[in-house]
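Please read them with the coordinates open.

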Amino acid sequence: MSIDRDEQPSVEAEVGPAPEGEPRFRPYHHPAAGWGAAKSVSRFLVRERALVDGPRAIMRMNHENSGFDCPGCAWPDDLKGLHLDICENGIKHVTWEMTPKRVGRDFFAAHSVTELYGWSDYDLENQGRLTEPMVYDPASDHYVPISWKDAFEVAGRALRELDSPDQASFYTSGRLGNEPTFLYQLLARELGTNNLPDCSNMCHEASGRALQASLGTGKGTADLKDWETADALFIMGVNAASNAPRMLTALAEAHDRGASIVHVNPLIEAAATRTIVPHDFTDMALFKSTRTSTLNLQVRIGGDMALLRGMAKALLEQSGTDPKALDQEFVDRHTTGFKEYRTLCEATSWEEIEEQSGLSRDDVLAAARVYREADRSIISWCLGVSQHEHGVDTVREIVNLLLLRGNLGREGAGPSPVRGHSNVQGNRTCGIDHRPTERFLDRLAEVCGIDPPREHGLDTVGTIEAMLRGDVKVFVGMGGNFALAAPDTPVTYEALRRCDLTVQVSTKLNRSHLVHGAGALILPCLGRTEKDHQRRGVQRTSVEDSMSMVHLSLGMRRPASKDLLSEPAIIAGIARAALPESSTPWDWYVEDYDRIRDTMAKVLDGFEDFNRRVRLPLGFRIKQPARELVFLTPSGRAEFSHAALPDVVPAPGTLALGTMRSHDQWNTTIYSDDDRYRGVENLRTLVFMNRADMRERGIEDLSPVDITSTARDGSERHLNGYLAIPYDIPRGCAAGYMPEMNVLCALVDRSAQSDQPVMKHVKVTIVASPGATAHR
């Protein structure tokens with residue numbers, strides 16, 4: 001997009017930190033990672049009093065089968081077994097978990113739930129690790145200690161006494177390992193429900209459904225080796241420096257070998273400019289940065305599909321004179337629906353493509369040229385593509401473009417979604433799915449001797465709606481911070497409060513412990529960095545990264561408290577109490593996780609010989625049939641989609657707002673109020689706007705504004721007094737931080753294609769707050 005740089009902020013970098021607590025904005029002009037990351041990590045280690053344990057953990061993180069898997073992002077481990085395969089956010093995440101601070105019975109005795117509810121989310125988590133199970137006492141409004149036996153009985157009794165198993169819902173975040181994941185879904189299904197919502201319902205549901213429809217597999221086909229050999233990388237809707245920082249290494253190496261790198265994002269993030277890879281000691285010593293892009297395209301919010309359609313249209317137009325523009329042999333042998341797709345592209349005008357993408361025709365042709373000149377291309381994407389009404393159509397359009405040039409089933413090519421949380425892909429693989437396949441249920445029934453329910457269950461938004469209606473009475477949260485992660489925050493709070501019982505399995509205090517049902521349990525679990533001692537010795541769990549590699553994780557530290565249990569042990573304890581007649585050997589499974597893996601090997605496709613293969617160097621990769629050009633679609637071929645371009649241009653006077661994370665944040669965990677890569681200090685209640693949009697509304701730099709979203713049902717939601725930050729973002733677009741801005745996304749504003757909340761495309765109006773003056 002051709003943005004008038006005179007319309008954007010141009011501020012000389014100031015020297016020194018902002019005054020204590022004083023909000024400040026100064027554009028960031030330095031490489032991603034490098035010394036800035038090293039300095040930030042050092043400060044964090046000092047603040048968390050982890051100058052010894054922090055570096056020790058760093059040396060054990062992401063080591064092949066001898067260390068623990070980073071509990072942060074799902075980027076694959078380095079194929080060369082690099083001993084410093086780490087990043088700034090991973091180190092912060094691990095150190096945050098290893099804090100010496102503790103939250104036990106004395107803390108809860110001193111602070112009521114009402115008082116704690118008034119604390120900031122940072123202050124809640126900053127109190128430290130939970131140390132023992134707690135139960136809410138409504139008479140005193142305090143959490144009080146409870147034994148594990150009694151806690152399991154409270155949960156078990158609530159589940160046993162339900163009129164229907166579907167009155168319970170079992171949520172998980174992506175931190176849960178594969179073995180506890182399998183036990184968790186087994187508990188739910190033996191109880192009799194498929195109510196298994198997860199964080200994928202809010203993040204990559206669109207990706208899975210699109211890939212399943214187009215290729216017959218719900219996952220990407222590219223792996224890290226493909227990233228190392230691709231001629232062109234297209235990175236769409238991804239802020240790599242914060243979402244998957246270890247991707248910076250792949251981008252730097254791609255640039256060094258001469259590959260083209262195209263970033264597609266409304267904001268030009270630091271990761272799309274330059275980087276200094278911290279474990280490249282020579283570059284660090286010489287302050288030598290490497291470019292991480294050859295082309296940046298600033299689409300309007302929601303304009304990605306139009307860009308992709310334009311690239312396909314350009315290729316099809318060129319194919320009349322350039323037979324190599326398409327791989328016609330691949331298209332003819334392995335796909336269906338091509339003729340209809342060609343007709344659709346021809347009928348889509350360049351004027352519509354420019355209008356909907358927010359890009360000029362020259363910009364689109366530049367991207368098409370990169371794609372045409374590359375022999376092997378990977379297209380990668382994250383939530384900037386999936387969290388839209390038309391997310392499924394957009395991901396299918398990615399596949400359409402890949403099919404045109406045969407970028408599938410060969411090295412250095414393919415679709416590659418970037419999963420955010422450590423094991424969110426493994427959760428789905430191992431059974432956390434509210435819409436399970438008949439094949440999976442049949443295998444589960446045969447191997448585990450249960451009669452699993454066949455009706456689809458509730459996803460995340462469906463669970464919230466059911467709690468509001470009173471149809472779900474027991475909510476179990478396995479990790480995460482559901483109250484903050486979900487959309488429509490006040491409505492989600494009300495839904496949780498209508499439950500008879502909420503159970504949260506957690507490592508730290510968070511908002512979800514304070515927004516609870518009539519009864520509430522806090523069940524503290526081991527962190528991934530900690531040793532998991534069971535009857536048959538120290539246990540390992542496995543995880544699956546975003547490129548389908550499965551490997552083991554082994555904790556290294558003494559547990560934060562002698563009263564912590566592992567997640568498998570907690571699940572087994574609840575199961576024994578909820579299912580007293582169960583023939584499932586819950587305790588036997590917990591004694592030795594190899595036993596869980598042996599059962600998983602019989603149930604899950606691709607997990608055959610699990611225990612041996614997972615102990616191989618780097619583990620093993622789950623086969624993706626589409627990578628072998630085997631398409632488990634109705635036609636037996638890869639299927640072109642034929643969706644019309646959606647209208648994503650904001651109505652006059654409105655803006656399209658996308659929520660995102662700051663750099664000093666991981667999902668709902670806030671490490672500080674800074675966002676180094678976007679130049680923000682001491683501020684989270686802000687909105688990034690194009691300066692021309694600000695001027696049109698009479699909004700001054702850093703002045704307070706009121707933000708109103710209008711839902712599909714006409715209802716409104718408001719955030720007042722946020723500070724407006726002028727930023728390099730397309731006109732008609734705005735952006736701000738989740739979870740604070742989740743309040744603007746109504747439950748009804750979810751995609752009809754994926755049921756995902758459209759958190760990257762909220763329709764808002766922004767006006768200067770009454771009597772507003774700029775913050776100085």
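How do the residues of the lining of the second largest cavity divide into nonpolar, polar and charged?

1. The model is a predicted one. In the second largest cavity, the lining residues comprise five nonpolar, seven polar and six charged. The space in this cavity is about 220 Å³. Its lining has 18 residues, and those closest to the centre are Gly527, Arg528, Asp532, Thr541 and Glu567. The count of cavities of 30 Å³ or more comes to eight.

2. An open sheet is formed by three strands in the order S2-S10-S11, with mixed pairing. Strand S2 (32-33) and strand S11 (290-291) are at the edges; each has a single partner strand, so one side of each lacks a neighbour in the sheet. Two bridges join S10 (residues 274-276) to S11 in the antiparallel sense. Across this pair, Arg274 stands opposite Arg291 in S11. As background, strands of a sheet pair through backbone hydrogen bonds, either parallel or antiparallel.

3. Helix H18 covers residues 361-373, 13 residues in all. From first C-alpha to last, H18 reaches 18 Å, close to the 18 Å expected at 1.5 Å a residue. Buried residues in H18 are Asp363, Val364, Ala366, Ala367, Ala368, Val370 and Tyr371.

4. Asp150 belongs to helix H7, which runs over residues 148-160. Asp150 is partly exposed because its relative accessible area is 41%, and the range for that class lies between 20% and 50%. Between Asp150 and Leu468 the C-alpha to C-alpha distance is 28 Å, and the two are 318 residues apart in sequence.

Definitions and conventions: Residues are numbered from 1 along each chain as its sequence is written. This is a predicted model: local features need pLDDT of at least 70, side-chain atom pairs count only at pLDDT 80 or more; totals for chains, interfaces and linings use all residues. Side-chain values use heavy atoms; hydrogens and water are left out. Helices (H or I, at least four residues) and strands (E, at least two) are DSSP runs, numbered from the N terminus. Buried means under 20% relative accessible area, exposed over 50%, partly exposed in between (1.4 Å probe, protein chains only). The expected span of a helix is 1.5 Å times one less than its number of residues. Two strands pair if DSSP finds at least two bridges between them. On a 1 Å grid over the protein atoms alone, a cavity is a set of points where a 1.4 Å probe fits but cannot get out, and a pocket is an open set with protein on both sides within 12 Å along at least five of seven lines; lining residues have an atom within 4 Å of a point. Grid points are joined across faces, edges and corners, and a volume is the space filled by probe spheres set on the points. Ala, Val, Leu, Ile, Met, Phe, Trp, Tyr, Cys and Pro count as nonpolar, Asp, Glu, Lys and Arg as charged, and the others, Gly among them, as polar.
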